[in-house]
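Here is a friendly walk through one protein model.

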Amino acid sequence: MSLTFKKATKEDSRLRMCLTGPSGSGKTMTALKIATGLGGRVAVIDTERGSASKYADLFEFDVLELESFSPETYIEAIRAAQEQGYDVVVIDSLSHEWTGKGGALEINDQVAAKSKSKNRFNAWGEVTPRHRAMVDAITNSSCHVLATLRTKTQYVVETNERGKQEPRRVGLAPVQRQGIEYEFDVMALMDLDNTMVIEKTRCPDLIGAVIERPGQEVADILKRWLVGAPRSPSDELRLALREAGKSWSDIAKQAHEWIGRRTSKDEPLTEDEMRLICARLRKRGLEFQQRDTEPLPTSEQSLEEALEALHVVRTHLEWPPSDVSSFCRETMGKAIEDLSAKEVHQLIAAIEEEAKKG
């Protein structure tokens, strides 16, 4: 296989932004302000029992209110917005996909309960691909996507000056799977004064920004940043094929039907025909975005996934990190950071057994 580097160029892109914050910090209104400022038709996926519609007199948008929150429900809603021609999708909130009715944690419990081992670690082999497919639906969407996340108070257990263990508040953590922040271009924390603090961004003009009552000005900054270098029709066609996960040979027959003729070396595509095919590809691109969601066998799970499963189980059982570390040394004879993926699996099983005794 030949690997070839090419000059990097900036391309037009779609926004992936996430607003986190406690109740009352203005996440929904801020998302609607920015979504409206980006321009085009706005669709809101509402999991908060109609809360977004309370702003219908201030913003123009269409809403879909969800009652169950499986990853597949989110995927279907995101793809429906794309199919129906919306330019911006607001997901309010993405936390329910993790902790809500029918969400990932509940699915994991159900899968574990049905298994012979009753082991939640094994259950993640089925749940993780479904969650990843939802993340893929966000990152692969042709719409701008703004999501909101609830937050929870995060604590660590430390030894105080008297030598006793005590919890210390270290800030707010989003209610979602650990690492979700890597999937977004911009992560912003909203406080109770409706001030936005940019925690992570790929947009240079927003690095370190603290913005009171954010809205149109943030949308304008993001719109400028999302614009790439001009592309030729042939480059646009290559991009559309890549987005669809297809090669020209995969869609040639259909493309010839779209333009009403067959192409050849002597009669290649015209620029107008390339633009037409791009438009058709993007309109039908959802057909090409299906993901294989078969669960990974436990043996194929990485150490990173094993440690993430340990974190989820620990949180679910409300075990402080210090307790887990001590228990690991007692049962495994080594520190957590020295464990293999298989040994982390064994530790999780031991923790769950210990929890049953309690």
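## About the model

This is a predicted model, in which local features need pLDDT of at least 70, side-chain atom pairs count only at pLDDT 80 or more, and totals for chains, interfaces and linings use all residues. Residues are numbered from 1 along each chain as its sequence is written, and side-chain values use heavy atoms, with hydrogens and water left out.

## The whole chain

The protein has twelve helices and nine strands. Both kinds of element are DSSP runs numbered from the N terminus: helices are H or I with at least four residues, and strands are E with at least two. Of the 358 residues in the protein, 44% are buried. Here buried stands for under 20% relative accessible area, exposed for over 50%, and partly exposed for what lies in between, with a 1.4 Å probe and protein chains only.

The protein exposes about 19,800 Å², and carbon and sulfur atoms supply 49% of that area. Accessible areas come from the Shrake-Rupley method with a 1.4 Å probe, and for residues only the protein chains shown count as cover. Among contacts with a separation of 6 or more, 63% are between residues 24 or more positions apart; a contact means heavy atoms within 4.5 Å.

## Aromatic pairs

How many aromatic pairs does a search of the whole structure find? The search finds two. Rings of Phe, Tyr and Trp (its six-membered ring) pair if their centres lie within 6.5 Å; planes under 30 degrees apart count as stacked, over 60 as edge-to-face and the rest as tilted. Trp-98 and Trp-124 form a stacked pair, at 5.5 Å centre to centre with 20° between the planes. This pair links distant parts of the chain, since Trp-98 belongs to helix H3 (residues 96-99) and Trp-124 to helix H5 (residues 120-139), 26 residues apart. Trp-98 counts as buried at 6% relative accessibility, and Trp-124 is buried with a relative accessible area of 2%.

The rings of Trp-319 and Phe-327 have centres 5.4 Å apart and planes at 90°, so this pair is edge-to-face. Both partners are buried: Trp-319 has 15% relative accessibility and Phe-327 has 10%. Trp-319 sits in the loop between helix H10 (303-317) and helix H11 (321-332). Leaving aside neighbours within four places in sequence, Trp-319 is in contact with Arg-314, Val-324, Phe-327, Ile-351, Glu-354 and Ala-355. One of these, Ile-351, is 32 residues from Trp-319 along the chain, with 9.3 Å between the C-alpha atoms.

## A charge over a ring

Which residue lies over the face of Tyr-86? Arg-41 does, at 4.0 Å from the ring centre. A charge sits over a ring if NZ of Lys or CZ of Arg is within 6 Å of the ring centre and within 35 degrees of the ring normal.

## Helix faces

In helix H4 (residues 104-114), the buried residues are Ala-104, Ile-107, Asn-108, Val-111 and Ala-112. Seen down the axis of H4, they fall within an arc of 130°, so they line one face of the helix. The arc is that of the directions from the helix axis to the C-beta atoms. The buried residues of H4 pack against helix H2 (71-83), H3 and H5.

In helix H6 (residues 216-226), Val-218, Ala-219, Ile-221, Leu-222, Trp-225 and Leu-226 are buried.

Ser-95 is in the loop between strand E4 (88-92) and H3, and is buried with a relative accessible area of 1%. Beyond its neighbours within four places in sequence, Ser-95 is in contact with Gly-100, Thr-148, Leu-149, Arg-150, Val-175 and Gln-176.

Ala-255, in helix H8 (residues 248-259), is buried with a relative accessible area of 0%. Apart from neighbours within four places in sequence, Ala-255 is in contact with Trp-248 and Ile-277. Ala-255 and Met-274 are 19 residues apart in sequence and 9.4 Å apart in space, C-alpha to C-alpha.

The count of disulfides comes to zero, where a disulfide is a pair of cysteine sulfur atoms within 2.5 Å. Cys-143 is buried at 1% relative accessibility, and Cys-328 is buried at 0%.
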